[in-house]
Every structure is written in C-alpha cells, then in structure tokens.
Amino acid sequence: MLLKKFFNVGFVEIEVVERTAFGLDELGRYPLFAPEFLQFLRDAIPTVRHRELVFSIAVTARRPEAIAAAPAR
Amino acid sequence: MAHFTDDQARAIILDAYGQVRSDGAAVASAFYTAAELETLPSDAVAMALGVGHPVRHAALRAGETVLDLGCGAGIDTLLAARAVGPAGRVIGLDMTPEMVERSRRNAASAGMVNVEIRPGPIEEIPLPDRSVDVVISNGVLNLSTRKSRVLAESLRVLRPGGRASIADLVLEDALPEDVLKSPAALAG
C-alpha cells in the first residue's frame, strides 16, 4: 500500500532495501509505549503474532528527471 | 479506514512527542553503530524514536542539501549533516515545538553549522520547489493521515533526479480494531 503511494505521486526506482519484523519486544524499547499499553497489545493480539506485529521497511526512490505534470500544492 | 481525523491525529502526535522522555539508547542502539552514536549528543541518541536508518541508504554526497522530515531530536539530521559536510546543508522539519527546540540544541551542541531546523507539518513542507537533493524520514510517515500528501510534497521539493530514503512501519496483516483505534498505537 505504501509503495503504491510512492508510485502514484510520481516517484520512480522505488525499492524496499530492508524489511524487519517488529514484535512486542521491539515495541518495548520505545518510551512512547507504556507498560500498560504493551500488556493491552499482548492481550488483544494472538500470541502467534507477538513477534511480528508490524514491519519496518526502508524504501529508496527517485524523482524522475522530467515529470509530465507538477504535483499540486 | 481512518480511525482519527487529521486534527485528532495531530493532537495525539503533538501530545505524545511533546511529552516523551527517554534516558537510554535502547532504540538508537538497535539501528545505529556504536561508532555513530558515540560522536552524537546524548540527548539526540536518547530521544531517537525512529524505526530504521535512512541515512545509511541515502548515499549522501558532500555538498548535497538534505531534508529530514519529522526530524525529532535530530539523530538522522546530525548524521546527514556530517555526511554532506560543510558545503552541504541539512534542513530538519518537525511540527512538535519540543522536538524543534531539542534538535536545535543538539545541532548546536554537535557544532553542526550546516543544520537548520524549521517548525512545521510534513504535509506542508515550507521549502520551494526543487530545492533539495535528498529527502529522508524515519518512522514518521506512519504518523500522518495524509501519507500521499507527504510524498507529493517530498516529490515537489526534490530536484529532478533527487532521492528519497524513507524508513517506516507497515502493517502486512490487519491488527484488531481495538488496537487500531488506540491513540497510543497511532503515536508509536
């Protein structure tokens, strides 16, 4: 879905150069998440997904040298 | 389906990132090398809240102009500033007043004179068309309810042939609705 957005706005040479699973352990590093919220996630999400809740991806892309129409501001 | 309006999402993000406190390098040490971290101000390291290392994939060259979208306390801004050198320039953009202040302080502490921090939303980049060589961003796109707008703005400010290096979180399988509706989930 995100890569499609890159394509739709006009980026080219779109490439995912890294992809890493984020589970509850990884989220626990972030001070943004209180212990209570992490427990809520643990309870709300099936155990089988606890090690892969979301994925961190690194995307590189390029603005083409020429664009047919300038993006609206 | 959007679970929050633009205004609600903005308020949640401003609150979360304005109040966040950290005294460790748990996040930073997961993505950056020890050699990179030991040369940076401790606050920039402690307040690193990204999900990857966009500078690593940006292929920055001396003299380039870089825009760091949602720069936070500035860890990627500072690494980019080092990479582009004194002939280059790095602009950090963040809508959270506390983070603007932190990143300015961290840039000064690091002696980076080629860094400029601007307040503002990533959906309305306060830069002219075709004014930067590279756009980087780390764990910020997922905080916006207008991702396509952010990307369109990024394209606008890039020079022809310019590059983007974006690290972000994506959901490959749906999470329970209760989780998706949680403000804490949006902010993280």
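Mentor: A residue is called buried if 20 or more other C-beta atoms lie within 10 Å of its own, exposed if 12 or fewer do, and partly exposed in between, the C-beta atoms being placed from the backbone. The model is predicted, so local features need pLDDT of at least 70 and side-chain atom pairs pLDDT 80 or more, whereas totals for chains, interfaces and linings use all residues. Residues are numbered from 1 along each chain as its sequence is written, and chains are lettered from A and ligands numbered from 1 in the order in which they are written.

Trainee: What percentage of the 73 residues of chain A counts as buried?

Mentor: Helices (H or I, at least four residues) and strands (E, at least two) are DSSP runs numbered from the N terminus, and chain A follows the pattern α-β-α-α-β along its sequence. Its radius of gyration, taken over C-alpha atoms, is 18 Å, well over the 11 Å of the globule rule (2.2 Å times the number of residues to the power 0.38), so chain A is more spread out than a compact globule. Among its 73 residues, the buried share is 19%.

Trainee: Which element of chain B gives the largest share of the side that touches chain A?

Mentor: Two residues are in contact if their C-beta atoms, placed from the backbone, lie within 7 Å; the contact takes 36 residues from chain A and 39 from chain B. Elements of chain B that give two or more residues to this side include helix H8 (147-157) and strand E5 (158-170). The largest share, 12 residues, comes from E5(B).

Trainee: Which residue is the bridge partner of A:Ile57 in E5(B)?

Mentor: Two strands pair if DSSP finds at least two bridges between them. Strand E2 (residues 54-62) of chain A is joined to E5(B) by eight bridges, and the two run antiparallel. Within E5(B), A:Ile57 has as its bridge partner B:Asp168.

Trainee: Which residue of E2(B) is the bridge partner of B:Leu67?

Mentor: Four of the five residues of strand E1 (residues 65-69) of chain B are buried. E1(B) pairs in the parallel sense with strand E2 (residues 89-94) of chain B over five bridges. In E2(B), the bridge partner of B:Leu67 is B:Ile91.

Trainee: Is B:Ala59 buried or exposed?

Mentor: Most residues other than glycine have a negative phi. The phi of B:Ala59, however, is positive, near 50 degrees, and this residue is found in the loop between H5 and E1 of chain B. With 12 C-beta neighbours inside 10 Å, B:Ala59 counts as exposed.

Trainee: How many other C-beta atoms lie within 10 Å of B:Arg130?

Mentor: B:Arg130 is found in the loop between strand E3 (115-119) and strand E4 (132-138) of chain B. Although not a glycine, B:Arg130 has a positive phi of about 55 degrees. B:Arg130 is partly exposed, and the number of other C-beta atoms within 10 Å is 14.
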